[in-house]
Amino acid sequence: IFCITTNYAQEKSNSNFKVHSTSIGFGGFYIKNKFSEGGGASFLIDFSFDYKKNFFLIKNLNGAEIGIIGSSTYNFNETSILYGRELILAKWLTIEGYTGLGYYKQVSKTNYIISGTAIAFPTNIKIIFKVGKHFSIGSNNSYSINKINNNFSSNLAFGYIF
């Protein structure tokens with residue numbers, strides 16, 4: 001019984017759900033609403049999962065105004081879960097598109113940019129250039145619609161493909 005259990009444990013799982021990739025990115029963002037507009041630097045980290053060619057993305061995007069003199073006056077954080085698909089253009093080039101639901105939080109020290117939290121509706125487009133079997137570099141662009149500030153972010157992303 002022990003030998004059978006050990007051999008069975010070594011077989012591959014029939015589960016189609018697997019971790020697809022992870023990436024980190026650095027870039028910039030732009031916010032705008034009827035009261036204000038601004039921008040700054042952003043940082044993102046994401047994890048994507050594959051289930052029968054359907055992709056699920058868990059993403060955290062952070063951004064802050066760049067304070068030239070002193071500290072920044074506002075920052076934001078968005079955590080989201082998105083659904084998407086992959087379009088393979090070449091062995092070395094793919095595009096992934098996502099849409100989903102998120103939680104947006106913005107903190108501001110000024111009157112002209114509001115603070116608060118909101119439900120967000122993000123979209124995300126990743127352009128991925130594969131450099132080797134497991135590594136990638138590309139563009140990770142997202143647009144988030146929410147009641148506080150619509151937010152566009154573009155990041156240079158470095159990834160690992162499992």
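## Strands E6 and E7

Strand E7 (residues 135-145) pairs with E6 in the antiparallel sense over 10 bridges. Two strands count as paired if DSSP finds at least two bridges between them. Strands (E, at least two residues) and helices (H or I, at least four) are DSSP runs, numbered from the N terminus. Within this pair, Ile125 stands opposite Asn141 in E7. The hairpin of E6 and E7 has four residues between the strands, and Gly132 there takes a positive phi near 100°.

## Basis of the model

This is a predicted model, in which local features need pLDDT of at least 70 and side-chain atom pairs count only at pLDDT 80 or more, while totals for chains, interfaces and linings use all residues. Residues are numbered from 1 along each chain as its sequence is written, and side-chain values use heavy atoms, with hydrogens and water left out.

The pLDDT is the predictor's confidence in each residue, from 0 to 100. The protein averages 87, and 86% of the residues score at least 70. Over residues 1-11 the pLDDT is below 50, and this stretch has zero contacts in the model beyond near neighbours in sequence. A contact means heavy atoms within 4.5 Å.

Strands of a sheet pair through backbone hydrogen bonds, either parallel or antiparallel. Here eight strands close into a barrel in the order E1-E2-E3-E4-E5-E6-E7-E8, with antiparallel pairing. Neighbouring strands of this sheet are turned by 25° against each other on average, direction ignored. For such angles, axes are lines fitted to C-alpha atoms (for helices over the stretch in contact), and the values run from 0 to 180 degrees between N-to-C directions.

On one side of E6, strand E5 (residues 93-108) pairs with E6 (residues 116-130) over 12 bridges, in the antiparallel sense. Thr99 stands opposite Thr123 in E6. E7 is also joined to strand E8 (residues 150-161), by 10 bridges, and the two run antiparallel. The bridge partner of Ser136 in E8 is Gly159. A hairpin of four residues joins E7 to E8.

## Salt bridges

The structure holds two salt bridges, each defined as a side-chain nitrogen of Lys or Arg within 4 Å of a carboxyl oxygen of Asp or Glu. In one of them, Lys126 meets Asp46 at 3.4 Å, N to O. Lys126 is in strand E6 and Asp46 in strand E2 (residues 37-51), 80 residues apart.

Lys126 also meets Glu96, at 3.9 Å, N to O. Lys126 lies in strand E6 and Glu96 in strand E5, so this pair ties together parts that are 30 residues apart in sequence. Through shared partners, Asp46, Glu96 and Lys126 are joined into one network. Lys126 counts as buried at 5% relative accessibility (buried means under 20% relative accessible area, exposed over 50%, partly exposed in between; 1.4 Å probe, protein chains only). Asp46 is buried at 0%, and Glu96 is buried at 1%.

## Aromatic pairs

A search of the whole structure finds nine aromatic pairs. Rings of Phe, Tyr and Trp (its six-membered ring) pair if their centres lie within 6.5 Å; planes under 30 degrees apart count as stacked, over 60 as edge-to-face and the rest as tilted. Trp92 and Phe129 are stacked, at 6.1 Å centre to centre and 15° between the planes. Trp92 lies in the loop between strand E4 (74-90) and E5 and Phe129 in strand E6, so the pair ties together parts that are 37 residues apart in sequence. Trp92 is partly exposed at 48% relative accessibility.

Phe135 and Tyr160 form an edge-to-face pair, at 5.4 Å centre to centre and 70° between the planes. Phe29, Tyr74, Phe76 and Tyr104 form one aromatic cluster.
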